[in-house]
Each structure stands twice: as structure tokens, then as C-alpha cells.
Amino acid sequence: MQLRGWEERDLPMLAEIEARCFPCDAWSQEMLSEVLKAPYQWSVLAEEDGKIYGYACLFSLFETAELLNIAVDTDYRGRGIGESLLTAVHEQAKAMGAERILLEVRVSNAPAIALYKKHGYEKIAVRKNYYGNGEDADIMENKL
Ligand SMILES: CC(C)(COP(=O)(O)OP(=O)(O)OC[C@H]1O[C@@H](n2cnc3c(N)ncnc32)[C@H](O)[C@@H]1OP(=O)(O)O)[C@@H](O)C(=O)NCCC(=O)NCCS
């Protein structure tokens, strides 16, 4: 499996995976395209033989970066792909000059919270009613 940046041709497959991973609030292909074009952003995906298994993207400006998204397609979880993507995000954030990385995660998202804690994130705040269904978000920070 190799890691590489997103390209325009990847967007339909990324949107399909996104819809499977986030049934309530998936990003559309147009939103993914905006990420690809936006300044100060960086994207990565895990691919093998033309198939995409997971992806992540980052916003980084000055000392604080933000993990915008990370997902691994449903049938391929638990194989270390999420960890590989997160590690690549951390390396890139540092290369872009970030000293810390922030993210928001649903308080019910135990797999993601476990992944983040394993990689040095700590909860620093809660955003009440952050998601459309009224669920709170934990804000987590990693001091890179
Ligand atoms: C969160 C997510 C990206 C993890 O991807 P993954 O490839 O399955 O994760 P990995 O195999 O690299 O697992 C790494 C670590 O994450 C944690 N983890 C992953 N899945 C877990 C689960 N189901 N339960 C508990 N911990 C889990 C563990 O700490 C694991 O380390 P370990 O294997 O030593 O126990 C994946 O579950 C996903 O895509 N979820 C849907 C999208 C999402 O919620 N994204 C985050 C939005 S904030």
C-alpha cells in the first residue's frame, strides 16, 4: 500500500468512501474538491492497485494545524491504515511549521478517540451540540 496526495481523478471514489464512513454528514464530491484546491491544506490517501482504502486531510497555517478529516473504508479497518495516515499527517504538519494539531470528534466515536489517544492527543474542550443531531464534539490536541 502506498500513500500519495489526492488528485482530481480520486474525488468520485473518495466521495463514495466518505458516504459509507459518515452516513449523517458526509462531505460531497464538491466539498472534497474544495479541499483539494484550498490554500494551506494537504491531503493524503492510502492506495493499492488503483483502489483507495482511506484518506486524510489537514489545514496548517502558522503554529496550529487542524486535522480536517480521516477515514478508512469500512471493510479495511483494524489493519493499521488509520495509523499510517495519521502519522503522515503529523509529519506533514511539522514540515509546514505547526507546533500543535487540533481536531474535533464525536463524543460517541470510540474507535477514533482511541486512535487519537494512542497517538498523543488529549481532550482539551467540548463543543456542545456541535453536530446536526445535537451530539457534542470533543476537541483534542496533539503537541507535535
Ligand atoms: C477511526 C478510523 C479512521 C480508524 O482507522 P483504522 O484503520 O481502523 O485504525 P487502525 O487499524 O490504524 O487502528 C489504530 C488504533 O486505533 C484504535 N482503534 C481503531 N479501531 C478501533 C476500534 N474499533 N475500537 C477501539 N479502538 C480502535 C486502536 O487504538 C488501534 O490501535 P491497536 O490496533 O494497537 O489497538 C476508522 O475507524 C474510521 O474510518 N472510522 C470512520 C470515520 C471516522 O470516524 N473518522 C474520524 C472522524 S473524527
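Q: In this predicted model, which residue in the turn of the hairpin formed by β2 and β3 has a positive phi?
A: Strands β2 (residues 41-48) and β3 pair in the antiparallel sense. Two residues lie between β2 and β3 in their hairpin. The turn residue with a positive phi, of about 50°, is Asp-49.

Q: Which residue in β3 stands opposite Trp-42?
A: Eight bridges connect β2 and β3 in the antiparallel sense. Across from Trp-42, the residue in β3 is Leu-58.

Q: Which residue in the turn of the hairpin formed by β3 and β4 has a positive phi?
A: Strands β3 and β4 run antiparallel and are joined by eight bridges; Tyr-55 stands opposite Ala-71 in β4. The hairpin of β3 and β4 has two residues between the strands. With a positive phi of about 55°, the residue in this turn is Phe-62.

Q: How many residues of strand β3 are buried?
A: A residue counts as buried if 20 or more other C-beta atoms lie within 10 Å of its own. Strand β3 spans residues 51-61 and is mostly covered. Of its eleven residues, the number buried is eight.

Q: Which element gives the largest share of the shell around the ligand?
A: The ligand is surrounded by 19 residues, and the closest include Arg-77 and Gly-82. Two or more shell residues come from each of β4 (64-72), α3 (81-95) and α4 (110-118). The largest share, six residues, comes from α4.

Q: How many residues of the shell around the ligand are nonpolar?
A: The shell has four polar and four charged residues. Its nonpolar residues number eleven.

Technical notes:
Residues numbered from 1 in each chain as written. Predicted model: local features only at pLDDT ≥ 70, side-chain atom pairs only at ≥ 80, totals over all residues. Near = placed C-beta within 6 Å. Helix = DSSP H or I, 4+ residues; strand = E, 2+ residues; numbered from the N terminus. Nonpolar A, V, L, I, M, F, W, Y, C, P; charged D, E, K, R; others polar. Buried ≥ 20, exposed ≤ 12 C-beta atoms within 10 Å, placed from the backbone. Pairing = 2+ DSSP bridges.
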